[in-house]
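Here is a short report on one protein model. Look at the sequence and structure below, then read on.

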Amino acid sequence: AAAATWGGGGAGGGGAAGELIGALQKQIQQMHMDLEQVSLTSRESTMSIKATLNGNVETMKTLEQAVVRAIEGQSQRIDRIEGAIEGLHRLLVAQLSKSDGGRGG
């Protein structure tokens, strides 16, 4: 069997060139398959990243909604506390007015 070299050489040169072309064709076909695999892997990776990002966006939305609900709850509690303080203040003022009222202020 003749070696697959560029020069070929001698009477068997045509066979060697044919072997070399065949080897190159196989290598090109393998490279093409490798590129297809890289493309497929890249597509799958991109889809996975998009799915992860979409999941993160949903998680962030859920977290944002939870924070908003917590802030609204705190706001309602603060409003009730302020109302209670104002009521206590009015009660205290009324009690002080009663106690001062008898003295003829």
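Where is Val-67 found?

## Helix and confidence

Val-67 lies in helix H1, residues 13-101. Helices (H or I, at least four residues) and strands (E, at least two) are DSSP runs, numbered from the N terminus.

This is a predicted model: local features need pLDDT of at least 70, side-chain atom pairs count only at pLDDT 80 or more, and totals for chains, interfaces and linings use all residues. Residues are numbered from 1 along each chain as its sequence is written, and side-chain values use heavy atoms, without hydrogens and water. The protein chain averages a pLDDT (the predictor's confidence in each residue, from 0 to 100) of 84. At least 70 is the score of 83% of the residues. Over residues 1-12, pLDDT stays under 50.

## Surface

Of the 105 residues of the protein chain, 4% count as buried. Buried means under 20% relative accessible area, exposed over 50%, and partly exposed in between (1.4 Å probe, protein chains only). Val-67 counts as partly exposed because its relative accessibility is 41%.

The protein chain exposes about 8900 Å². Carbon and sulfur atoms supply 62% of that area.

Terms used
Accessible areas come from the Shrake-Rupley method with a 1.4 Å probe; for residues, only the protein chains shown count as cover. Contact means heavy atoms within 4.5 Å.
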